[in-house]
Amino acid sequence: STKWKILFKTKENSQFDVNSPAFEKFFKSAYKTTNIKEVQELIQHNSYDMIISDISLDAFYGGIELKEMIEKDPSLTIFALLTPRDSDKLLALSEMGINAFELIPEQLDLALEEISKFNPHKKSLIIEIIPWSTQAL
């Protein structure tokens, strides 16, 4: 199966493990940054199959950043990662044409594996809530 080139945007104090080996396992390459300005420059000068954005710490402003990105370039395939406390943002993200995964931090590898199976050039939309239980916490 094809491996995709991704850009991963996160925050410095994210609960998701940015150094997870799943990035190398499931993707051709994964460039990681915490800087939105760098994201914009990288998109302008490079070609990525997908952008994965961790908006778990600030889903509201993270959603605004993603909206601006998709407005500038509607051909972008973007995945937003958010936690269950922001499940009310899922519909708004989908209406903007942004794929979304609701998950707890321990499920990052699972989400990355699911995202890696997605063909970004087919333009379907995914909204997935990865089941979890409080027993796993």
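**Group meeting: a walk through the model**

Let me start with Lys28. Lys28 is exposed, with a relative accessible area of 65%. The terms first: buried means under 20% relative accessible area, exposed means over 50%, and partly exposed is in between, using a 1.4 Å probe and protein chains only. Now the ground rules. This is a predicted model, where local features need pLDDT of at least 70, side-chain atom pairs count only at pLDDT 80 or more, and totals for chains, interfaces and linings use all residues. Residues are numbered from 1 along each chain as its sequence is written, and side-chain values use heavy atoms, with hydrogens and water left out.

Back to Lys28. Lys28 sits in the loop between helix 1 and strand 2. Helices (H or I, at least four residues) and strands (E, at least two) are DSSP runs, numbered from the N terminus. What does Lys28 contact, leaving aside its neighbours within four places in sequence? Lys3, Trp4 and Lys5. Contact means heavy atoms within 4.5 Å. Lys28 and Ser75 are 47 residues apart in sequence, and 20 Å apart in space, C-alpha to C-alpha.

The charged end of Lys5 sits over the ring of Tyr48, 5.3 Å from the ring centre. The rule here: NZ of Lys or CZ of Arg within 6 Å of the ring centre and within 35 degrees of the ring normal.

Next, the helices. In helix 2, residues 36-45, the buried residues are Ile36, Val39, Leu42 and Ile43. Seen down the axis of helix 2, they fall within an arc of 115°, so they line one face of the helix. That arc is taken from the directions from the helix axis to the C-beta atoms. On the other side of helix 2, Lys37, Gln44 and His45 are exposed. What do the buried residues of helix 2 pack against? Strand 1, strand 2 (29-33), strand 3 (50-54) and helix 3 (59-72).

Helix 5, residues 108-116, has Leu108, Ala111, Leu112, Ile115 and Ser116 buried. Down the axis of helix 5, these buried residues fall within an arc of 135°, so they line one face. Their cover includes helix 1, strand 3, strand 4 and strand 5.

On to strand 5, residues 99-102. Both faces are covered. Asn99 and Phe101 are buried on one side, Ala100 and Glu102 on the other. Strand 4, residues 78-82, runs parallel to strand 5, joined by 4 bridges. Two strands pair if DSSP finds at least two bridges between them. The chain goes from strand 4 through helix 4, residues 90-95, to strand 5, and this β-α-β crossover is right-handed. Right-handed means that, with the strands pointing away from the viewer, the path from the first strand over the helix to the second runs clockwise.

Last, the rings. Rings of Phe, Tyr and Trp (its six-membered ring) pair if their centres lie within 6.5 Å; planes under 30 degrees apart count as stacked, over 60 as edge-to-face, the rest as tilted. How many aromatic pairs does that rule give? The count is 4. Phe8 and Phe23 are edge-to-face, 4.9 Å centre to centre, with 65° between the planes. Phe8 is in strand 1 (residues 5-9) and Phe23 in helix 1 (residues 22-26), 15 residues apart. Both are buried. Phe79 and Phe101 are tilted, 6.0 Å centre to centre, with 45° between the planes. Phe79 lies in strand 4 and Phe101 in strand 5, so this pair ties together parts 22 residues apart in sequence. Phe79, Phe101 and Phe118 form one aromatic cluster.
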